[in-house]
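Please open the structure in your viewer and keep the sequence panel beside it. The stops below each begin with a selection and then say what is there.

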Amino acid sequence: MIEIKNPADCCGCTACVSICTHGAITMFPDALGFLYPVVDNSKCIDCGLCEKVCSFNEHYDCSLNLSEPDVYGARHKDMKEIETSRSGAAFIAISDRILECGGVVYGVGYTDHFRVVHKRAVTKQERNEFKGSKYVQSDLGDVFKQVRRDLKDGLTVLFSGTPCQTAGLKAYIGEQLCQNLFLLDIVCHGVPAPYVWHDYLAYLEEKQGDKINFVDFRDKQTFGWMAHKETFRFAGNKHFSVINVKESFTFLFYQHIMFRASCGICYFCNTKRPSDITLADFWGWEKTNPDFNADNKGASLILVNTDKGRKLFKKAEIDLNIIPAQLENCLQPNLQHPSIIHPKRLQFEKDYIKKGFSYIMKKYGKQGWKMRVKQMAIRLLRIYSK
């Protein structure tokens, strides 16, 4: 029987829920909206499957991995795809190959009022919702079971997600059905709290007196690929409303103060990935080719981790401009170690529970009085030092 005594021991991948044939496990949210498995003892037969399938540990399966990943920088040949994607649109080229052979693509989109969830796509139009970054842990629902049904029906499946999600799915599906399953993970910085995201949207809507109908976590088209600025559009305004980063969800994100506890001990922050292909922004592309992303439109970093990944990537190359790269020039921090969780992470959660969103934004966001005083002091120092 699975029992989570330390929140950091669970990444919320849903493998244990999916494999339980007696329906004895349910995912329940904690105070920040992170989902954890809870066992109904009256239904549990103590078969041990839930413990066996858990892959959030240092023994996750990478038996089919190459000795070192093949490393590339990539940009889609269609500039429109680049402009509407987070990086170089490598995901579009790869997922197109799956869809064109009648396969299924799983990725992250929205439901309800911008609640972040995993979805199933069988057309390019449906798949396009997966473009762009979503800096919230996605709700997987029963997606693992859907993937299994698709594979049993003989369909080719591409599943994209965080490495803990792909590792969980791989363990759940097992070797027999894995032949037609392609796993694609991202170099993950950490997953922020779903409830904080929900409250942030409500906070913005109250502040603007209008309903949000469009969200962009990183507005590349307006600010360029390297920027991390949020953009929102409201129902009564045809123009984009750009929210100052000093009062943003983004600022809390980069403090690592609202991450899931497991992100601080993530086992997948290395180059032995649990997926066939890994994608990321190609930071440091200048070291490989100073002309490759000269327009600042975006470039993808691709790690091909398995022979299966090689075969899929070979098919995707037709839509990509690629350059071989050296792994040592592409080692982002989260390919080397987990993000360091903010030392006040637990206090943040306590404050959120007790005093709500507005309070934590004032205390931990840049709109807090201590930060404003510090910024004013810096500005005055610059003025008087001239």
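In which sense do strand S3 (residues 65–76) and S12 pair, and over how many bridges? The two pair in the antiparallel sense over six bridges, where pairing requires that DSSP finds at least two bridges between two strands, and where helices (H or I, at least four residues) and strands (E, at least two) are DSSP runs numbered from the N terminus. Before going further, note that this is a predicted model, in which local features need pLDDT of at least 70 and side-chain atom pairs count only at pLDDT 80 or more, while totals for chains, interfaces and linings use all residues. Residues are numbered from 1 along each chain as its sequence is written, and side-chain values use heavy atoms, with hydrogens and water left out.

Select residues 300–306, which form S12; seven of its seven residues are buried, that is, under 20% relative accessible area with a 1.4 Å probe and protein chains only.

**Helix H7.** Now select residues 163–173, helix H7, which is largely enclosed by the rest of the structure because 10 of its 11 residues are buried. The buried set includes Pro-163, Cys-164, Lys-170 and Ile-173. Show the surroundings as well, since the buried residues of H7 pack against helices H1 (15–19), H2 (49–53) and H6 (143–152) and strands S5 (115–121), S6 (157–161) and S7 (181–186), with contact meaning heavy atoms within 4.5 Å. Just after H7, Gly-174 takes a positive phi of about 80 degrees.

**Helices H12 and H13.** Move to residues 345–355 (H12) and 357–364 (H13), whose axes come within 7 Å and cross at roughly 140 degrees; the axes are lines fitted to C-alpha atoms over the stretch in contact, and angles run from 0 to 180 degrees between N-to-C directions. Among the residues that make this contact are Phe-348 and Tyr-352 of H12 and Ile-360 and Tyr-364 of H13.

**The whole chain.** Finally, select everything: the chain has 14 helices and 13 strands, and 52% of its 386 residues count as buried. The C-alpha atoms fill a box of roughly 70 × 60 × 40 Å, taken along the principal axes.

Technical notes:
Buried means under 20% relative accessible area, exposed over 50%, partly exposed in between (1.4 Å probe, protein chains only).
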